[in-house]
Amino acid sequence: MELDSLQSMYVDQLKDLYSAENQILKALPRMIKAASHKELKKAFTTHERQTRGHVARLDRVFKELGATPRGKKCEGIEGIIREGAELIREKPEPDVLDAGLLSAAQHVEHYEMAGYGTVRTWAQKMGFDRQAELLQQTLDEEKQTDQLLTQIAEQSINIDAMSGDQEMASPADRARPVRVHREPSGRRPAGRSEMGMESRSEGSAGTGS
Ligand SMILES: [Fe+2]
């Protein structure tokens, strides 16, 4: 019984991923068109090709299970894609748009990585070794894409976007996680950097090992 219920949850999650992949396939051409940075356009184009392969792998998994991939809409990915579409409609400055598109794409990748990691593990537990292998291959490609996007963010995109930001002109200010707070008199508050330290230590206090 337990196996039966895990298997139905497994199929449900696979359907969620199938819907996610197809929504991503529809959204990527818009993202490729909206991106300005050459490397980002290239990364999206490569991922569009990979995504077709992800759908094909899921088709193979469903075929092996004798189940249909249809019948579920992935609302998580729908929300992330909607946010990306809203950003494109707002028409921000190109470098800023690129940074936002990159962020949307990394949100998508992490969503998919969580989903594929889960179904891969369940496939292994249920003895569906070939399916686990296929799902692992897709998981590896999602991770590679995420790493590539991080590289692009570090090497160019975010720096290009920041250079237009007058409020964060100095490198010291760029490094600070908190916004510059101005006193009514225009003086810089003495405790500004301590506020940043406090919020960091609060954030890490509960993380444990
Ligand atoms: Fe994918």
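## Overall architecture

The protein contains 7 helices and 0 strands; helices here are DSSP runs of H or I with at least four residues, strands are runs of E with at least two, and both are numbered from the N terminus. Read from the N terminus, the order of elements is α-α-α-α-α-α-α. This is a predicted model, in which local features need pLDDT of at least 70 and side-chain atom pairs count only at pLDDT 80 or more, while totals for chains, interfaces and linings use all residues. Residues are numbered from 1 along each chain as its sequence is written.

Of the 209 residues in the protein, 29% are buried. A residue is called buried if 20 or more other C-beta atoms lie within 10 Å of its own, exposed if 12 or fewer do, and partly exposed in between, with C-beta atoms placed from the backbone. Two residues are in contact if their C-beta atoms, placed from the backbone, lie within 7 Å. Among contacts between residues at least 6 apart in sequence, 71% join residues at least 24 apart.

## Confidence of the model

The pLDDT, the predictor's confidence in each residue on a scale from 0 to 100, averages 82 over the protein, and 73% of the residues score at least 70.

## The nonpolar core

A nonpolar core is a set of buried Ala, Val, Leu, Ile, Met, Phe, Trp, Tyr and Cys residues joined through C-beta atoms within 7 Å. The largest such core has 36 residues, and Ile77 and Leu101 touch the most other members. Helices H1 (2–34), H2, H3, H4 and H5 each supply at least two residues of this core. Its largest share, 11 residues, comes from H4.

Leaving aside neighbours within four places in sequence, Leu101 is in contact with Met31, Ala34, Ala35, Leu40 and Gly84.

## Packing of H3 against H4

Two packed helices are described by the angle between their axes and the distance between the axes. The axes of helix H3 (residues 75–90) and helix H4 (residues 94–125) come within 10 Å and cross at roughly 175°. Such axes are lines fitted to C-alpha atoms, for helices over the stretch in contact, and the angles run from 0 to 180 degrees between N-to-C directions. H3 is therefore roughly antiparallel to H4, since angles over 145 degrees count as roughly antiparallel, those under 35 as roughly parallel, those from 65 to 115 as roughly perpendicular and the rest as oblique.

On the H3 side, the contact is made by Gly76, Ile77, Ile80, Glu83, Gly84 and Leu87; H4 contributes Leu97, Gly100, Leu101, Ala104, His107, Val108 and Tyr111. These residues divide into 8 nonpolar, 4 polar and 1 charged. In this classification Ala, Val, Leu, Ile, Met, Phe, Trp, Tyr, Cys and Pro are nonpolar, Asp, Glu, Lys and Arg are charged, and the others, Gly among them, are polar.

## The loop residue Lys91

Lys91 lies in the loop between H3 and H4. Its phi is near 50°, a positive value in a residue other than glycine. Most residues other than glycine have a negative phi. Lys91 is exposed, with 9 other C-beta atoms within 10 Å.

Arg120 belongs to helix H4 and is buried, with 20 other C-beta atoms within 10 Å. Not counting residues up to four places away in sequence, Arg120 touches Ala132, Leu135, Gln136 and Leu139. Ala132 is found in helix H5 (residues 129–162); because Ala132 has 19 C-beta neighbours inside 10 Å, it counts as partly exposed. The C-alpha atoms of Ala132 and Arg120 are separated by 4.8 Å, although the two residues are 12 apart along the chain. With the same exclusion of neighbours within four places, Ala132 is in contact with Arg120, Ala123 and Gln124.

Asp16, in helix H1, is buried, with 20 other C-beta atoms within 10 Å. Asp16 and Cys74 are 58 residues apart in sequence and 5.0 Å apart in space, C-alpha to C-alpha. Leaving aside neighbours within four places in sequence, the contacts of Asp16 are Lys72, Cys74 and Gly115.
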